[in-house]
Amino acid sequence: MGALILGRLQCGLQSMRMQKLRHVSTHSRSRYLSTKTPYRAEAFHAQLEDPSNSAFLTSLKRQPKTPQTLTEKIVQRYAVGLPEGKLVRAGDYVSLAPSYCMTHDNSWPVARKFMSMGASKIHDNRQIVMTLDHDIQNRNESNLKKYQQIEEFAKKHGIDFYPAGRGIGHQIMVEEGYAWPGTLVVASDSHTNTYGGVNCLGTPIVRSDAASVFATGRTWWQIPPIARVTFTGTLPVGVTGKDVIVALCGLFDKDEVLNHAIEFTGSEETMASLLVDSRLTIANMTTEWGALAGLFPIDQTLERWLRNKATEAAMLDTRTTRQRITHQKVDELLANRLTADRDAVYAKQLYLNLSTLSPYVSGPNSVKVVTPLNELAPQRIKINRAYLVSCTNSRASDLAAAAKVFKDAAKANSGIIPKIADGVQFYIAAASAPEQEVAEAAGDWQAMLDAGAQPLPAGCAMCIGLGTGLLEPGEVGISASNRNFKGRMGSRDAQAYLASPEVVAASALSGVISGPGAYQVPTDWSGVEHGFGTGILPTTEHKLDHLLQQMESVIERAETAVDASEAAVQILPGFPERISGEIVFCDADNINTDGIYPGTLTYQDDVSKEDMARACMQNYDPEFNNIAKPNDILVAGWSFGVGSSREQAATAILAKQIPLVVAGSFSNIFARNSINNALIGLEVPRLVERLRSHFSSESASTSVSTTTTTSSSSSSSSSNPVVPEPTTNEEFLNPKPPAPVAPHERHLTRRTGWTLTWDVGHSVVEVQEGPGGAVWTERVGELPANVQEIIAAGGLEGWVKAEMGKADN
């Protein structure tokens with residue numbers, strides 16, 4: 001057995017050697033990273049089951065050590081109902097009582113769902129924040145009525161409310177101190193990740209979740225796998241936080257961090273080159289990178305920012321900021337700061353050398369198509385519209401950076417601010433009214449107005465395709481916002497690029513995509529240094545730590561295996577112990593919510609259950625309704641349920657009387673909606689591979705809309721990348737099958753004759769590969785009691801009603 005452990009430790013040493021590999025890209029279009037480093041060696045299953053091995057490992061049993069990441073520590077603070085002594089880990093389902101929950105223009109739909117649950121009183125009105133920011137330029141009667149209803153609801157329940165024009169919700173949450181370091185905040189918006197820029201774990205939820213928080217103060221979350229991104233070097237002059245995140249989206253574009261929480265780290269010198277506004281930009285666009293959260297550490301840079309905010313708050317008589325940001329709170333924070341344990345385990349580690357970065361532009365029409373500006377500028381791409389808007393890059397520092405382009409140009413123009421190029425429209429909207437006031441006081445706002453910029457009220461604006469100035473067919477636009485998907489900012493026949501505020505301003509001034517010229521390419525530059533691992537040569541101390549982790553991992557896995565063999569999941573009343581049915585296989589990856597349930601029915605409230613069943617999977621395969629039967633088990637490929645957050649994607653499958661969906665991986669938004677509506681889902685990658693091996697000479701991947709961040713919470717999904725440019729549900733990618741098989745005609749939907757049985761209590765699925773075929777089992781994740789409660793209650797709405805009933809009694 002000693003030889004076994006030494007052998008595994010040698011594997012650990014090999015993994016450390018792999019960390020020294022560096023990946024240098026010199027071409028913007030081809031950045032494939034093929035080396036992945038294992039960070040914890042694991043004993044083979046058979047070794048753990050061997051009685052002699054188990055006895056040996058048991059003899060080494062010691063007080064279990066459970067190091068936690070920063071993400072896990074913050075979740076630990078806000079998890080409720082945990083067993084005594086339970087330390088949360090990635091993969092756990094937990095009930096959360098978040099510090100705050102923010103809703104925006106969707107506040108009224110959330111309020112209606114809250115009232116439909118039978119609720120009449122907000123559980124904790126101090127927990128809720130409402131902002132109006134998305135459609136504030138819309139003055140039609142129905143929108144104004146909705147805004148009035150939201151304001152009246154907030155006033156009735158004593159909820160903090162910020163009206164249209166006050167600013168974008170995410171900016172308000174940060175500048176008003178709701179997003180506080182070391183806390184957990186949720187919001188019904190995909191860019192809740194922004195709060196990680198100030199060390200606040202922000203993650204998005206859907207409307208049903210927000211209604212649950214309104215009614216009970218709680219929601220649920222499955223802690224995602226956690227990735228650590230190590231920055232090295234420092235940002236060169238002329239390179240911004242926007243360039244960092246755009247580069248990350250392009251350099252690591254194979255789903256490396258999809259459905260992960262990210263923790264950013266680096267040396268004190270490195271992190272000092274990323275000011276808080278840059279961190280907010282990076283955290284904001286971890287959404288586009290595919291992540292569910294993006295956390296920066298508490299350090300001197302954040303401390304200085306907090307001190308400035310505390311002093312500012314103390315001077316503001318017209319705002320409530322001083323209730324949440326004080327020097328005393330900063331002192332308490334620093335005295336009790338949370339940091340990741342030194343030996344915390346991460347699902348994966350990536351690194352990026354900031355010193356090797358240059359300004360980047362993404363597009364057209366995809367965040368993950370990125371090109372260094374010095375390669376794109378010579379193409380002299382003419383633009384029609386430029387946008388300095390959104391929660392990503394419209395703070396006072398961003399406005400100042402853009403204004404500097406015009407002020408510098410004025411120095412060569414007898415001190416007169418030059419006008420933007422003929423034929424170009426330049427739109428500016430601050431992230432909030434206070435940020436605009438700072439820009440006005442500095443003369444930056446006026447400098448851009450003098451250049452011909454068109455001001456808009458503080459809000460989301462054309463970043464989400466609302467308001468004035470949208471792209472017309474055939475036009476080209478460049479924006480400092482976060483998404484440039486086809487059709488998002490106007491016509492599907494337009495082209496949209498993303499860049500930093502400086503590049504947007506310089507492009508508006510010149511009329512073509514260009515920069516202000518502040519960045520100079522180093523003479524010895526050979527590409528962007530990035531890759532897997534930490535990017536730092538390991539010291540002897542690190543090597544010893546790593547060896548110890550390998551030993552502890554083997555022992556801990558053995559102990560866990562022994563415990564698991566004796567344990568079974570408790571099945572709650574109302575929840576089935578076993579689910580079994582014939583497999584219906586939809587042989588495609590990235591089946592989007594439009595494919596599952598058509599958009600033409602999404603906003604109709606009177607669709608019958610029968611019509612929903614007939615519409616289920618209609619856009620994916622018109623024959624699905626005739627092939628699938630009640631009690632079948634639907635199996636699909638990777639990233640099932642990408643796209644919009646429509647809840648009917650789950651309820652339509654239930655209407656078809658399908659009790660269980662199995663996939664290689666699920667979109668996070670679909671997974672939340674499924675549980676909230678009592679549809680059960682399992683990730684069983686092996687089953688997808690076996691089905692494709694048996695039935696397909698081709699495996700398929702549908703093209704999808706990438707307007708919703710999606711991916712697997714399983715690392716396996718990284719080999720099945722989402723197609724970056726959305727088209728239709730009928731296009732497929734065709735990788736080879738896992739093994740040679742007899743050719744079959746590929747069907748979008750196929751009755752397989754295979755059966756799947758899920759033993760819920762023992763967390764095992766058994767697959768019978770047709771009559772007389774192979775039988776195999778696979779252990780799956782445990783379904784915890786809190787999730788069982790929601791499903792057994794018929795969904796989150798039923799669970800909330802039950803919880804309120806308990807409170808009344």
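**Cysteines and helix packing in the predicted model**

Cys249 is buried, its relative accessible area being 0% (buried denotes under 20% relative accessible area, with a 1.4 Å probe and protein chains only). The structure is a predicted model in which local features require pLDDT of at least 70 and side-chain atom pairs count only at pLDDT 80 or more, whereas totals for chains, interfaces and linings use all residues. Residues are numbered from 1 along each chain as its sequence is written, and side-chain values use heavy atoms, with hydrogens and water left out.

Zero disulfides are present in the structure, a disulfide being a pair of cysteine sulfur atoms within 2.5 Å. Cys460 takes part in no disulfide, and the nearest cysteine sulfur, that of Cys391, lies 6.4 Å away. Cys460 also counts as buried, at 8% relative accessibility.

Burial likewise marks helix α11 (residues 276-284), which is largely enclosed by the rest of the structure because eight of its nine residues are buried. Helices are DSSP runs (H or I, at least four residues) numbered from the N terminus. Among the buried residues of α11 are Val276, Arg279, Leu280 and Asn284.

Helix α5 (residues 107-116) packs against helix α8 (residues 207-216) at an angle of about 60 degrees, with the axes 8 Å apart. The arrangement of α5 relative to α8 is therefore oblique (angles under 35 degrees count as roughly parallel, over 145 as roughly antiparallel, 65 to 115 as roughly perpendicular and the rest as oblique). Pro109, Val110, Ala111, Lys113 and Phe114 of α5 contact Arg207, Ser208, Ala210, Ala211, Phe214 and Ala215 of α8, contact meaning heavy atoms within 4.5 Å.

How values were computed. Axes are lines fitted to C-alpha atoms, for helices over the stretch in contact, and angles run from 0 to 180 degrees between N-to-C directions. Helices (H or I, at least four residues) and strands (E, at least two) are DSSP runs, numbered from the N terminus. Buried means under 20% relative accessible area, exposed over 50%, partly exposed in between (1.4 Å probe, protein chains only).
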